[in-house]
Amino acid sequence: MVNITYDASGSINWFNPDAVDPTAPIVVYNPGDIAWVLASTALVWIMIPGVGFFYSGLLRRKNALSMIYLSMMTLAVVSFQWFFWGFSLAFSETGSRFIGDLKYFGLKGVLEKPSIGSTRIPSIVFCIYQLMFAAITPMLAVGGFAERAHLGPLLFFVFAWSTLVYDPIACWTWNSNGWTFVLGGLDFAGGTPVHISSGTAALAISIYLGKRRGYGTEALAYKPHNTTYVILGTIFLWFGWFVDRAQYRAPGFNGGSALAANLRAAQACIVTNLAASVGGLTWMLWDYRIEKKWSAVGFCSGAIAGLVAITPGSGFVGSRESTSTEQSDMSSRFVTLTLVAAAVLFGFLAGTICNFATQLKFFAGYDDSLDIFASHAVGGVVGNLLTAIFAQKSVAGFDGFTVIPGGWLDRHWIQLAWHLADSAAGLGYSFTIILWIMHYIPGLRLRVPEETEIIGIDESEMGEFAYDYVGLQTELRPAGSYARSTAYELGELSQAGDMKERSSG
C-alpha cells in the first residue's frame, strides 16, 4: 500500500523511506498541480488526431481516411512502447548521457515517487503527460508515408523509431544526465526531440519511398481535398500548443522546475500565440504575391511553422529586466517591447524561411508530399537558433526558481554553439536507417505497388472510406500528354464507370 496521508490544506504527503535527509522524509504533492497536469494531458492528446485531420485535408480524398487512422494507430503503439520501456529509456535517472536504462521497465517503480521533471508531482503523472509528446512526434513523421505506404509495417516502424530515435533524443535533451542538458542547452518543449527529429525522419521516408506516381506532372498538381480538415487540424494543434506551453517544464534547472501554472506559463502562452499569428500572416502574404489569393491553407501552414519555431524558446524568450531601480518605468516599457519583438521575429522568420524551404524538394528531387521537413525540421532549427540569441535569464525566472545563464541578449555567447551542436546532432541522428533495414525483412517493406497508388490507400489497405463515394476518374485522370502514358489505367477505371459508389457500412 502506498504510504500517503493528507495534511490540513488537502495536499498529499508521501513518506519517503529512502530520503537522503532523514529529517525531511515527507514529500508534498499539491492536488491542484496534479489535476492541472492530468487535464493538460487530455488536452495535448487532442493534438494527435489534430495532426491526422491536418494531413488528411491536404491529401487526395482516396487517401484521406488512412491518415486519420494513422494518428490513432500511432497513439496506441507509442502508448504500449512508453509503458514497455520508452519512459525508462527517456527519463530514468540512472541512464547515460545518450539514453536511459531499464530501471523503469514496464513502469516498475513509477507511481508515488517524485518525478524527474518536478518534485511537485509524482512520477506517474509526469509519465502520462510525457507520453503525449512521445506519441505526437512519430505521427508528425508518419505524414511522410502519405499516399504510398503499406499500413501494416508502419506498426513496427513507429515502435522501432520511438525506441531508437525519439527516446534517445528526449533523454539527451530533457533528462538531467543528457549531454545537451548538461551542456546547458535550452529546449523548452521539443525543438529537437519533437520537430527536428520528426521532420528529418519524414525526409528520410520521402527519399526511401521515392516519388509518387505522376510526380512532376499535372497528375499531382491537385489542391487539398478538404480545406475544412486543414483548418480543424490547425485549431486542435494551436489549442493544444497553448496547454503545451502553459504546462511543460524542462526537467530540473537547480533541482527541478514545477509543472504548474505561473507567470512563466502565462508569458509562454503570449509568445506562443503571437508567433503563430505572425507566422500564419507571413506565410499567407508570401503566397498572395504569387496567386493573388488569400489562402487558408497558407495561413494554417504558417501558423504551424510559427508554433514549431517558438517551441524551444517559449519559456525562455521575451522580456529583459533593468538592473536599475531608477529606471522602472523605462524597464517596464522595454519588457513589453522586447517580449513582443522576439515573438514577432520568431513568427516572421519561421513563416518566411519555412515557406521558401518548401521549394527544397524541387531542387533536391525528393517527394515530401506534406512539406514536413520544411515545416518541422527547418522550423525547429530556426527556433533553436533564435532561442540561443533571445533566451533571457529574467524570463526563465518568471516561475520563481529557474536559473539559466541566458543567451546572446544576456551576453552568453556560447549558447549559440550549444544549440548549433544540438540541432546538427538531431538532424544527423534522426535521418533513420530503420527504413532500409525493414526493406530486407520479409513482410516489412513499406512501398506499395503502382496499382495500390492508383486505387488509393483507403480502399486497398483498409477497405473503408472517408466519404460515401470516391470520384476516382475526377481525381486520377491526368491531363494533356500524361493521359496517353496512362491509357491502361483509365481503361481499367472505365469498367467501373465514372463514379464508384461505396457504402460507408
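Two strands count as paired if DSSP finds at least two bridges between them, and here Ile 4 has Trp 14 in β2 as its bridge partner. This is a predicted model, where local features need pLDDT of at least 70, side-chain atom pairs count only at pLDDT 80 or more, and totals for chains, interfaces and linings use all residues. Residues are numbered from 1 along each chain as its sequence is written, and side-chain values use heavy atoms, with hydrogens and water left out. Helices (H or I, at least four residues) and strands (E, at least two) are DSSP runs numbered from the N terminus.

**The sheet**

- Three strands make up an open, antiparallel sheet, in the order β1-β2-β3.
- The edges are β1 (4–6) and β3 (26–29); each has a single partner strand, so one side of each has no neighbour in the sheet.
- On average, neighbouring strands here are turned by 30° against each other, direction ignored; the axes behind that are lines fitted to C-alpha atoms (for helices, over the stretch in contact), and angles in general run from 0 to 180 degrees between N-to-C directions.
- As background, strands of a sheet pair through backbone hydrogen bonds, either parallel or antiparallel.
- Three bridges hold the antiparallel pairing of β1 with β2 (residues 12–15), while β2 and β3, also antiparallel, are joined by four.
- Trp 14 turns up on both sides of the story: it is the bridge partner of Ile 4, and it stands opposite Val 27 in β3.

**Along β3**

- In a regular strand the side chains alternate between the two faces of the sheet.

**Cavities**

- Searching the whole structure turns up four cavities of 30 Å³ or more; a cavity is a set of points, on a 1 Å grid over the protein atoms alone, where a 1.4 Å probe fits but cannot get out.
- The second largest cavity holds about 60 Å³ of space, a volume being the space filled by probe spheres set on the points, with grid points joined across faces, edges and corners.
- Its lining (residues with an atom within 4 Å of a point) includes Phe 87, Phe 91, Tyr 104, Lys 113 and Phe 126.
- Two elements, α3 (64–91) and α4 (123–142), each give two or more residues to the lining of this second largest cavity.
- By class, that lining has six nonpolar, three polar and two charged residues, where Ala, Val, Leu, Ile, Met, Phe, Trp, Tyr, Cys and Pro count as nonpolar, Asp, Glu, Lys and Arg as charged, and the others, Gly among them, as polar.

**Cysteines**

- There are zero disulfides (pairs of cysteine sulfur atoms within 2.5 Å) in the structure.
- Cys 171 is buried, at 0% relative accessibility, and Cys 300 is buried too, with a relative accessible area of 4%.

**Positive phi in loops**

- Asp 371, in the loop between α12 (360–364) and α13 (372–390), has a phi near 55°, a positive value in a residue other than glycine.
- Arg 411 isn't a glycine either, yet its phi is positive at about 60°.
- Arg 411 sits in the loop between α14 (393–396) and α15 (414–430), and it is exposed, with a relative accessible area of 65%.

Notes
1 Å grid on protein atoms, 1.4 Å probe; cavity = no way out; pocket = protein on both sides within 12 Å on 5 of 7 lines; lining within 4 Å. Buried < 20%, exposed > 50% of the residue type's maximum accessible area, 1.4 Å probe, protein only.
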